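Me: I'm new to reading protein structures. Could you walk me through one, feature by feature?

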Amino acid sequence: MAFLELEKLTKSFGTHNAVDGLTLSVEKGEFVALLGPSGCGKTTTLQMIAGFVEPTSGAIRLAGKDLLAIKPAKRGLGIVFQSYALFPHMTVAENVGFGLEMQGVAAAERTTRVGETLELVGLGAFTTRFPRQLSGGQQQRVALARALVIRPQILLLDEPLSNLDAKLREGMQIELRQIQRTVGTTTILVTHDQAEAMALSDRIVVMNQGKAEQIGPPHEAYERPATPFVANFLGKTNLVNGVTVRPERISFAASGLAGTVRTRIFQGNHWLYQVDTASGLVTVIRQNTGEAMPVEGDAVQLAWEGRA
Amino acid sequence: MKAAPYLLCLPALVLFAGVVIVPLAMTVLLSFHDWGQYKGIEPVFILKNWQEVLGDSYFHEMFARTFRIAFFVTLLAAVFGAPEAYILNRMRSPWRGIFLLMILGPLLISVVARTLGWALLFGGNSGLVNKALMGMGLIAAPLPFMFTETGIVVALAHVLMPYMVLAVWASLQRLDPQIENAAVALGAGPFTVLRRIVLPQVMPGILSGAVIVFALAASAFATPAIIGGRRLKVASTLAYDEFLNTLNWPLGAAVAVLLLLALIGIVWGANRLVERRYAQVFA
């Protein structure tokens with residue numbers, strides 16, 4: 001039996017179904033991402049697991065127990081909010097220790113565990129600072145430590161990296177994944193960023209209009225998208241004569257689909273081409289290997305594996 | 001052109017000096033003049049008025065009453081206004097708008113009219129308030145409200161409540177909408193969330209509301225004049241009487257200036273306290 005089970009989970013606001021019959025099983029220790037555009041129901045799903053939103057129908061079970069029968073304060077879940085929602089009037093140590101205090105953990109043990117968790121997120125030296133005195137990345141780590149210190153059954157991450165700049169976000173992705181592997185907490189991530197979902201998770205749930213379009217490992221969803229929506233949402237894609245082809249799978253060859261280069265954009269590690277063909281505009285991505293590449297106006301032949 | 005900003009400020013500065021600084025300076029000056037029943041005001045420099053105001057127990061009692069009333073009004077406003085703002089903040093539209101209008105509505109009505117309304121409610125032993133309290137079995141005999149400090153405190157607290165609600169409301173708006181959920185998820189009950197998470201964060205709002213309410217209560221005129229009547233005097237009604245009934249302008253000026261100085265001292269002290277206490281967290 002799966003560790004966390006969502007069964008036909010539905011949340012309606014009036015006549016609109018924000019989440020529409022979502023069924024999902026999450027194994028213990030697994031990292032699952034709920035991925036989709038804004039308004040697809042991913043955040044509502046997370047809030048139903050957390051207990052801040054009541055489902056209209058359906059069930060949520062955690063380790064076989066009915067989670068909906070338990071009050072939000074008693075669910076023992078660790079949550080990292082998009083805004084971090086740190087307590088501004090408390091120091092870093094007080095923020096992180098708050099959950100333990102609520103559990104009635106003795107002061108001495110609390111100090112030890114707070115120290116350990118802050119070490120884990122690399123903030124061992126910041127215990128007496130206030131949130132205002134920390135950078136965005138550091139606040140994010142405090143929020144993570146505060147969620148992890150209570151040894152939650154599930155860690156819920158609500159767009160945790162969206163407030164960080166691109167460079168910091170990449171670093172935090174790697175770190176988040178490492179920390180999750182170390183502590184082994186079952187984790188549910190909500191994000192609209194497909195790169196983030198693919199980088200972090202064991203499985204992704206691509207959501208659209210309250211329904212799961214596809215559930216599977218990131219590479220599988222990317223390689224074999226179940227629906228056109230999934231193909232479009234997970235990176236760039238071409239639709240050539242009714243077949244979807246990823247731009248990086250298309251190469252310039254001696255023979256193939258004939259076309260003319262319309263635009264060529266240099267993006268550092270790769271070139272991005274737009275090629276006019278008889279089957280319409282085709283996007284092509286080629287690695288920058290240092291070799292000479294076709295320029296705008298060149299006649300080219302496009303080939304890819306599986307092309308008839 | 002470095003002078004331009006100053007030149008642009010000049011009209012406002014002239015107006016400010018004309019309607020605030022000059023009359024204030026003249027009032028201060030007036031408090032050092034002499035006055036007699038038959039000779040009127042004499043433009044000399046004496047300390048007689050100040051000696052009287054600072055030395056006479058009648059004035060001590062009156063100032064003590066003024067600040068006692070202001071203190072209890074502030075306390076009432078905080079105890080009722082802060083929860084009121086919190087509940088209001090959690091309401092959904094359209095209720096939020098309706099109740100906000102109910103709280104702010106009185107600001108649109110003249111203080112005199114509102115206070116006369118209270119006078120009608122309090123009025124004598126058969127006043128509505130006493131009837132209601134007795135009807136609920138809370139009191140056995142009618143309480144005296146008219147011409148008492150209690151009556152002034154109740155009426156003033158109502159008049160000044162909106163200022164407290166608005167100040168607390170403003171600080172509630174700055175609260176992270178997820179912060180209560182964050183505390184709940186960590187295992188905090190509703191009361192703990194209020195006491196440990198919400199209250200400390202709205203404390204600066206409560207304190208700044210308290211400063212406004214205290215200053216307005218201590219300098220209020222219409223409500224103490226109507227509810228307190230002729231005998232129960234506070235600083236502002238006494239200054240009024242000295243000016244317009246006794247015609248002892250210099251003594252009235254001394255009372256008014258002393259009230260101003262005391263208020264400035266209290267407000268400044270309270271601000272210092274708030275800044276020092278919360279600077280690190282809310283800077």
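This is a predicted model: local features need pLDDT of at least 70, side-chain atom pairs count only at pLDDT 80 or more; totals for chains, interfaces and linings use all residues.

Me: Let's begin with chain B. How many helices and strands does its secondary structure come to?

Reply: Chain B has twelve helices and two strands. The C-alpha trace of chain B spans about 75 × 70 × 35 Å along its principal axes.

Me: And how much of chain B is buried?

Reply: Of its 283 residues, 31% count as buried. Taking contacts in chain B between residues at least 6 apart, 72% join residues at least 24 apart.

Me: Where does helix 7 of chain B bend?

Reply: The bend is at L160(B), by about 45°. A proline, P162(B), follows within four residues.

Me: Is helix 7 of chain B mostly covered or exposed?

Reply: Mostly covered, with 18 of its 25 residues buried.

Me: What is the general idea behind a nonpolar core?

Reply: In soluble globular proteins, nonpolar side chains tend to be buried together. Here the largest nonpolar core has 76 residues, and those touching the most other members are A33(A), I79(A), A145(A), L156(A), I188(A) and V205(A). Helix 4 of chain A, residues 136-148, gives the largest share of this core, six residues. Apart from it lies another core of 55 residues, including A78(B), V159(B), M161(B) and A210(B).

Me: Which residues is L156(A) in contact with, leaving aside neighbours within four places in sequence?

Reply: Its contacts are L46(A), I49(A), A50(A), L77(A), G78(A), I79(A) and I188(A).

Me: Which domains does the assignment give for chain A?

Reply: It gives domain 1 (4-229) and domain 2 (236-303). Their centres, taken over C-alpha atoms, are separated by 39 Å.

Me: Last one: how many residues of chain A are in contact with chain B?

Reply: 19 residues of chain A are in contact with 17 residues of chain B. On the chain A side, helix 2 (residues 92-102) gives the largest share, three residues. By class, that side has 14 nonpolar, four polar and one charged residues.

Key
Residues are numbered from 1 along each chain as its sequence is written. Chains are lettered from A and ligands numbered from 1 in the order in which they are written. The bend at a residue is the angle between axes fitted to the seven residues ending there and the seven starting there. A residue is buried if 20 or more other C-beta atoms lie within 10 Å of its own, exposed if 12 or fewer, and partly exposed in between; C-beta atoms are placed from the backbone. A nonpolar core is a set of buried Ala, Val, Leu, Ile, Met, Phe, Trp, Tyr and Cys residues joined through C-beta atoms within 7 Å. Two residues are in contact if their C-beta atoms, placed from the backbone, lie within 7 Å. Domain bounds come from an automatic or database domain assignment. Ala, Val, Leu, Ile, Met, Phe, Trp, Tyr, Cys and Pro count as nonpolar, Asp, Glu, Lys and Arg as charged, and the others, Gly among them, as polar.
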